[in-house]
Amino acid sequence: MIEFYLNGRHRQLHSADPNLSILEWLRTDARLTGTKEGCASGDCGACTVAIGSPDAGRGGALRYDSVNACIAPLGSLHGRHLVTVDGLQQEQPHPVQKEMVECHGAQCGFCTPGIIMSLFALHTESAATGASADDKALLEALSGNLCRCTGYRPIIEAGRRAAAQTWEPAQGTEQQAKGDEIDLSGPAWLQASEMLATLGQIQERAAGLEDSEGRRYDAPTNIQALRQLRDQYPQARLVAGGTDLSLEITQFLKDLDHLISVANVDKLHEIREDKDGLYIGAAVSYREAEPLLSRRWPQFHAMIERLGSRQIRNRGTIGGNIGNASPIGDMPPALIALGAEVELDSVDGIRRMPLEEFFHDYKKTDLRPNEFIRGVWIPEPKADEQLYLYKISKRLDDDISAVLGAFWIKSDGERVADCRLAFGGMAAIPKRGPAAEAALRGQTWDISSVEAAVTALEGEFTPMSDVRGSSAYRMQVAGNLLRRALLESTHKDKKQPLMVTDYA
């Protein structure tokens, strides 16, 4: 059974197909059709909903995140509050709804529910924490929402105007609990005391779903239970955010017989900071990890900001990106360049290894059948180290890398004392360029040594050609990214902008 709240009302599901997405369940079982399906792959944002999860940093209050319902497993609702556009259809409209009408922010309206929910999540967060809802925040919130007919100007204007308003309860009403229903008269129902208490109790209990054909979904809450499940069912698929795994269901039409969720396991949400480095649990989301990484290595901010959309970053996890073992995953090359180590767990104990050794071949890793990823260790930066991260893709937002370059350079005066050059999109796995590193190591950090490293790259990589770029294009880009790192390092103390002509 899974338990959750839907638009302020308590729900229990005793049996359901674990392959169902939240979107499919909403439209077919709950009969709430305000949420739309556009792409079924987490790209267009038409299906966006808001999911409230208890946040320890806010004293247990719910933090509402925008999520792509089309690729979020139904079982992931356990212990959470799901808010859909249908739940906002009240006597007192939300400021986002009001301003979308006033600013003429909709034409065909198919994408509008998702846009409203993305802006609703931003508005709710801003109201709860005082976080900025300026233009930069608006553009980030909407980066995962596509609109083909309205144009974005009126939508952004609606977001600006809504940000300056509060959502007040309807006059003469009071929020109160009524059995298992909550009066939906205004914003109070988002943090109703009875709902918070009930969700806290639910999250302490393991969840499970099974349908009539024996397909299962298990969601343990502690590391011991996860170890036992993984040992007992080594063929089961592990799922955290589900932002990639769910595509096997929605795009390749697979039926997965058994899913084991790691999303509610306490130990996998651990974050530890000490003088030697940073430990990030496997179930920590990109959004949660970004401030910690950027504080140490500022280059992570721009890269993670381009990793999918806000909806993807709210659910996608560091451990999932590693375990997925995609050659174009954004995080592994960066972590490999930093010399990160992955921690693996099972009933046989915990083992730790360099992340670069974890990947063997396309989608093949060192993970044993009864193991799962527990977390990743990232060394603390030193004063003589620099990190350069570059993502090349066809779109600025919400796109997959064609090439990702991650370069860690340790300097000894003007010379390269050590370096790690890692790439995504250049091989079947995220991979370092040892020959290029050797060409740089011990040399002056200048155009001569960089050109020698670029030449060495051409002898150790044979990238594939696909819809994102040809082999020749990827090879040229990889070399140009290394040249770009040199340019940026030599201009870091100058006030004028970097120009391509400066390279000559």
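This is a predicted model: local features need pLDDT of at least 70, side-chain atom pairs count only at pLDDT 80 or more; totals for chains, interfaces and linings use all residues.

Reader: How many bridges join S19 to strand S20, and do they run parallel or antiparallel?

Author: Eight bridges join S19 to strand S20 (residues 403-412), and the two run antiparallel. They belong to an open sheet of four strands, ordered S19-S20-S21-S22, with antiparallel pairing. Strand S19 (385-392) and strand S22 (431-432) are the edges, each pairing on one side only.

Reader: Which helix packs on the sheet?

Author: Helix H17 (residues 471-491) does, touching S19, S20 and strand S21 (415-424). The direction of H17 makes about 140° with that of S19.

Reader: Which residues touch the most other members of the largest nonpolar core?

Author: Phe300 and Met331, in a core of 50 residues. Helix H13 (residues 331-337) supplies the largest share of this core, five residues. Leaving aside residues up to four places away in sequence, phenylalanine 300 touches Leu293, Ser294, Met331, Ala334, Leu338, Leu387 and Leu389. A second, separate core has 34 residues, including Val83 and Trp189.

Reader: Is alanine 325 buried or exposed?

Author: Buried means under 20% relative accessible area. Alanine 325 is at 2%, so it counts as buried. It has a positive phi of about 55° although it is not a glycine, and it sits in the loop between helix H12 (318-323) and H13.

Reader: And arginine 31, buried or exposed?

Author: Exposed means over 50%. Arginine 31 has a relative accessible area of 60%, so it is exposed. Its phi is also positive, about 60°, although it is not a glycine. Arginine 31 lies in the loop between helix H1 (22-28) and strand S3 (48-54).

Conventions
Residues are numbered from 1 along each chain as its sequence is written. Side-chain values use heavy atoms; hydrogens and water are left out. A nonpolar core is a set of buried Ala, Val, Leu, Ile, Met, Phe, Trp, Tyr and Cys residues joined through side-chain atoms within 4.5 Å. Buried means under 20% relative accessible area, exposed over 50%, partly exposed in between (1.4 Å probe, protein chains only). Contact means heavy atoms within 4.5 Å. Two strands pair if DSSP finds at least two bridges between them. Axes are lines fitted to C-alpha atoms, for helices over the stretch in contact, and angles run from 0 to 180 degrees between N-to-C directions.
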